[in-house]
Amino acid sequence: MREDGEIAKPAILFLCLGNICRSPLAEGAARAAFARAGVDVTLDSAGTGDWHVGHAPDKRAQAEARRRGIDISELRARQLSVDDFYRFNLILAADETNLRDALAIRPADATADLRLMLDLIPGRGGKGVTDPYYGKDDGFASTWEDVDAVASALVAEFSPKG
Ligand code: 4NP
């Protein structure tokens, strides 16, 4: 919060393992939710792993977003970096493993808060967003439900209070 009572433009990073399924869906859901609310934020996503760096989101994730009217095909995977702990206010990990891997490289003077995505949802704190990568296509619908709920919670938290 600044002295004039406005929240400085928040910057939120969504984190998963490959940055091709859960975190790009979370970024897409959040981009749409913040745009609907007319709130200006910086949003991005990353993975703890480097296998998919430079790749577009998984085709099944793209299809799930498209079903909701959202195009995530232009997103490209990247790996979490130490810089991210200074560039973002909040880093939201999809699951406990992602959180632990991020903690392992977090600098001591990091300015970003690091939490699980579902910590924002009452009753689901401490839970992970299930990784749909190795599952059937219908796993992506349930991933979407989770990340869309997270997006709504973020909009409520980061909208200027009237
Ligand atoms: P994500 O899913 O972490 O939600 O992007 C995965 C994507 C790729 C792999 C694992 C999970 N992988 O092992 O390549």
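Is Cys16 buried or exposed, and how many other C-beta atoms lie within 10 Å? Cys16 is buried, with 32 of them inside that distance. (A residue is buried if 20 or more other C-beta atoms lie within 10 Å of its own, exposed if 12 or fewer, and partly exposed in between, with C-beta atoms placed from the backbone.) The views below come from a predicted model, in which local features need pLDDT of at least 70 and side-chain atom pairs count only at pLDDT 80 or more, while totals for chains, interfaces and linings use all residues. Residues are numbered from 1 along each chain as its sequence is written.

**View 1. The annotated active site.** UniProt, in an unreviewed entry, marks Cys16, Arg22 and Asp131 as "active site". These three span 116 residues in sequence, yet no two of their C-alpha atoms are more than 8.8 Å apart, so they gather at one spot. (UniProt positions follow the numbering used here, feature names are shortened, and annotations may be inferred rather than shown by experiment.) Look for Cys16 in strand β1 and Arg22 in helix α1, residues 22–37. (Helices, H or I with at least four residues, and strands, E with at least two, are DSSP runs numbered from the N terminus.) Arg22 is buried as well, with 34 other C-beta atoms within 10 Å. Leaving aside neighbours up to four places away in sequence, Cys16 touches Cys21, Arg22, Ser23, Gly47, Ala94 and Asn98. With the neighbours within four places again set aside, the contacts of Arg22 include Cys16, Asp131 and Thr143. (Contact means that two C-beta atoms, placed from the backbone, lie within 7 Å.)

**View 2. Around the ligand.** The residues around the ligand include Cys16, Asn19, Arg22, Trp51, Asp131 and Tyr133. (To be near it, a residue needs its C-beta atom, placed from the backbone, within 6 Å.) This shell divides into six nonpolar, three polar and two charged residues. Most residues other than glycine have a negative phi. Asn19 is also buried, with 29 other C-beta atoms within 10 Å.

View 3. The buried residues of α1 include Arg22, Leu25, Ala29 and Phe34. Their cover includes β1, β2 (42–47), α2 (59–67) and α5 (139–158). Ala35, also in α1, counts as partly exposed, with 13 C-beta neighbours inside 10 Å. The C-alpha atoms of Ala35 and Val155 are separated by 9.6 Å, though these residues are 120 apart along the chain. After α1 comes Gly38, with a positive phi near 70 degrees.

View 4. Within α4 (residues 96–105), Asn98, Leu99 and Ala102 are buried. Seen down the helix axis, the buried residues fall within an arc of 100 degrees, so they line one face of α4. (The arc is that of the directions from the helix axis to the C-beta atoms.) They pack against β1 (11–16), β3 (90–93) and β4 (113–116). On the face turned away from this buried side, you will find the exposed residues Glu96, Arg100, Leu103 and Ala104.

Technical notes. Nonpolar A, V, L, I, M, F, W, Y, C, P; charged D, E, K, R; others polar.
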